[in-house]
Amino acid sequence: NTDGLELRDRLPRVAAFELDGFNLVVPHGDPFGSPDPEILHDAFPNAEILVFGHTHRPLLTLVDVVVTAMNPGGAGARRFNLPASVGILELGPGIPPRGRLVPIGS
């Protein structure tokens, strides 16, 4: 949401796709104000995995028992006095997603 209009106009606001048998939805999250897993699950009820950003607050949780929600945090310049981090999701057909949040930098 901070890239120039030329780039933002070429990219979708939400990416939705299937990967290893899972329905993934990847919204940045800014249209939802301060997005959280429940708000995004309500907006995208068919998603089995939600990966979102905007808040830069790392989060890995289950929603509705079977929906995995992840905010990988922010890997770029430090924002909101939060440490930099990335998220890693491991997917395989027929097994639940495995995820972890990894701090980066110092």
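Q: Which residues does asparagine 71 contact, leaving aside its neighbours within four places in sequence?
A: Asparagine 71 is in contact, meaning heavy atoms within 4.5 Å, with Phe52, Gly53, Thr55, His56, Arg57, Pro58, Leu59 and Leu101, once its neighbours within four places in sequence are left aside. This is a predicted model, in which local features need pLDDT of at least 70 and side-chain atom pairs count only at pLDDT 80 or more, while totals for chains, interfaces and linings use all residues. Residues are numbered from 1 along each chain as its sequence is written, and side-chain values use heavy atoms, with hydrogens and water left out.

Q: What makes the pairing of asparagine 71 and threonine 55 a polar contact?
A: A polar contact is a pair of N or O atoms within 3.5 Å; within protein, one must be able to donate a hydrogen and the other to accept it, and residues adjacent in sequence count only if both atoms are side-chain atoms. The side chains of asparagine 71 and threonine 55 are joined at 2.9 Å, and the side chain of asparagine 71 also reaches the backbone oxygen of arginine 57 at 3.4 Å.

Q: How do you know whether threonine 55 is buried or exposed?
A: Threonine 55 has a relative accessible area of 10%, so it is buried, although it lies in the loop between strand S3 (49–51) and strand S4 (59–63).

Q: What makes the link between glutamate 90 and arginine 100 a salt bridge?
A: A salt bridge is a side-chain nitrogen of Lys or Arg within 4 Å of a carboxyl oxygen of Asp or Glu, and the closest N and O atoms of arginine 100 and glutamate 90 are 2.8 Å apart. The pair links distant parts of the chain, with arginine 100 in strand S7 (residues 95–103) and glutamate 90 in strand S6 (residues 85–92), ten residues apart. Glutamate 90 also forms a salt bridge with arginine 98, where the closest N and O atoms are 3.8 Å apart, and Glu90, Arg98 and Arg100 are linked in a network of salt bridges.

Q: Why is glutamate 90 called partly exposed?
A: Glutamate 90 has a relative accessible area of 34%, so it is partly exposed; arginine 98 is partly exposed at 39%, and arginine 100 is also partly exposed, with 39% relative accessibility.

Q: Why is the protein chain called as compact as a globular protein of that length?
A: The protein chain has two helices and seven strands. The radius of gyration is taken over C-alpha atoms, and the globule rule is 2.2 Å times the number of residues to the power 0.38. The radius of gyration of the protein chain is 14 Å, close to the 13 Å that the rule gives for 106 residues, so the chain is as compact as a globular protein of that length.

Key:
Helix = DSSP H or I, 4+ residues; strand = E, 2+ residues; numbered from the N terminus. Buried < 20%, exposed > 50% of the residue type's maximum accessible area, 1.4 Å probe, protein only.
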